Amino acid sequence: MRRTGTTRRGALTATGALALGAVLTGCGEDDKGTGRPVLTEAEAVRADKALRRAAAHTGALALAHYDLVTEAHPDAAAGLAPLRAAVRQHIGAVGAGRTQPPAAAPGPVSTDRPTALKELAAAERRRADAHAEALLTAEPELARLLASVAAGAAAHAYLLTELAKETPS
């Protein structure tokens, strides 16, 4: 004999279907309700260019720091070359092919090689943080690029920190 009326299984199925419908309704293509202002196409292009310019400038600062460490510690040049090349590629990627003017040098570098490498690692962490912060306002395509560059900068910071630990004073 079959039971009539509402069963637990039926109630759970109906609740799940209602929840799924509510979630799918919220997954539209518009920006309403996302907390982000709706930008005109011209505003979006300007915002994209500004984020790219800022990201390229941050990369140029890191590149200048690599140059200072390499000048102060020529024996570290071979180890820093691949990381420096990656930073240059990051600048090219976020700058969309535009050349970035050289950044002002970030200041004097420590004469102690491990300390100089730690300072460079800190600069890379700042670069990663700056790119991660820019994700909040970037359009999806640029956000993915910035996330990749931020991950690369974080990896550089880790590698430089480990290199500083292995380097004798």
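This is a predicted model: local features need pLDDT of at least 70, side-chain atom pairs count only at pLDDT 80 or more; totals for chains, interfaces and linings use all residues.
Where does Tyr158 lie? I started my notebook with this one, and I found Tyr158 in helix 5.

**Entry: Tyr158**

**Entry: the overall layout**

I then stepped back to the whole chain. How many helices and strands are there? I noted five helices and zero strands. Read from the N terminus on, the elements go α-α-α-α-α. Of the 169 residues in the protein chain, 31% are buried. I looked up contacts too: taking those with a separation of 6 or more, 81% are between residues 24 or more positions apart.

**Entry: the core**

Which residues have the most contacts inside the largest nonpolar core? I wrote down Tyr66, Val69, Leu80, Leu146 and Leu160, in a core of 27 residues. Helix 2 (41-72), helix 3, helix 4 and helix 5 (140-166) each supply at least two of its residues. Helix 2 gives the most, with eight residues.

Setting aside neighbours within four places in sequence, I listed its contacts as Tyr66, Leu80, Leu83, Leu117, Leu120, Ala121 and Glu124.

**Entry: helix 2 with helix 4**

How do helix 2 and helix 4 lie relative to each other? Their axes come within 10 Å and cross at roughly 175 degrees. The cut-off for roughly antiparallel is over 145 degrees, so that is what I call this pair. On the helix 2 side I found Leu51, Ala55, Thr58, Gly59, Ala62, His65, Tyr66 and Val69 making the contact. On the helix 4 side I found Ala116, Leu117, Glu119, Leu120, Ala123, Glu124, Arg127, Ala130, His131 and Ala134. Sorted by class, the residues of this contact are eleven nonpolar, four polar and three charged.

**Entry: helix 3 with helix 5**

I turned to helix 3 and helix 5 next. Their axes come within 11 Å, and the crossing is at roughly 165 degrees. That makes helix 3 roughly antiparallel to helix 5. I noted the crossing as left-handed. From helix 3, the contact takes in Leu80, Leu83, Ala86, Val87, His90, Ala93 and Val94. From helix 5, I listed Leu145, Leu146, Val149, Gly152, His156, Leu159 and Leu160. How many charged residues does this contact have? I found no charged residues there, with eleven nonpolar and three polar.

**Entry: helix 3 with helix 4**

Helix 3 (residues 77-94) also packs with helix 4 (residues 113-134). What angle do they pack at? I have about 20 degrees, with the axes 14 Å apart. Under 35 degrees counts as roughly parallel, so I wrote that down for this pair. The crossing of helix 3 and helix 4 is left-handed. Here Leu80, Val87 and His90 in helix 3 meet Leu117, Leu120, Glu124 and Arg127 in helix 4. By class I noted four nonpolar, one polar and two charged residues.

**Entry: Lys49**

My last stop was Lys49, which I found in helix 2. Its relative accessible area is 41%, so Lys49 counts as partly exposed. How far is Lys49 from Val94? I have 45 residues in sequence and 9.5 Å in space, C-alpha to C-alpha.

Notes
Residues are numbered from 1 along each chain as its sequence is written. Side-chain values use heavy atoms; hydrogens and water are left out. Axes are lines fitted to C-alpha atoms, for helices over the stretch in contact, and angles run from 0 to 180 degrees between N-to-C directions. Helices (H or I, at least four residues) and strands (E, at least two) are DSSP runs, numbered from the N terminus. Angles under 35 degrees count as roughly parallel, over 145 as roughly antiparallel, 65 to 115 as roughly perpendicular and the rest as oblique. A crossing is left-handed if the near helix is turned anticlockwise from the far one by less than a right angle, and right-handed if clockwise. Contact means heavy atoms within 4.5 Å. Ala, Val, Leu, Ile, Met, Phe, Trp, Tyr, Cys and Pro count as nonpolar, Asp, Glu, Lys and Arg as charged, and the others, Gly among them, as polar. A nonpolar core is a set of buried Ala, Val, Leu, Ile, Met, Phe, Trp, Tyr and Cys residues joined through side-chain atoms within 4.5 Å. Buried means under 20% relative accessible area, exposed over 50%, partly exposed in between (1.4 Å probe, protein chains only).
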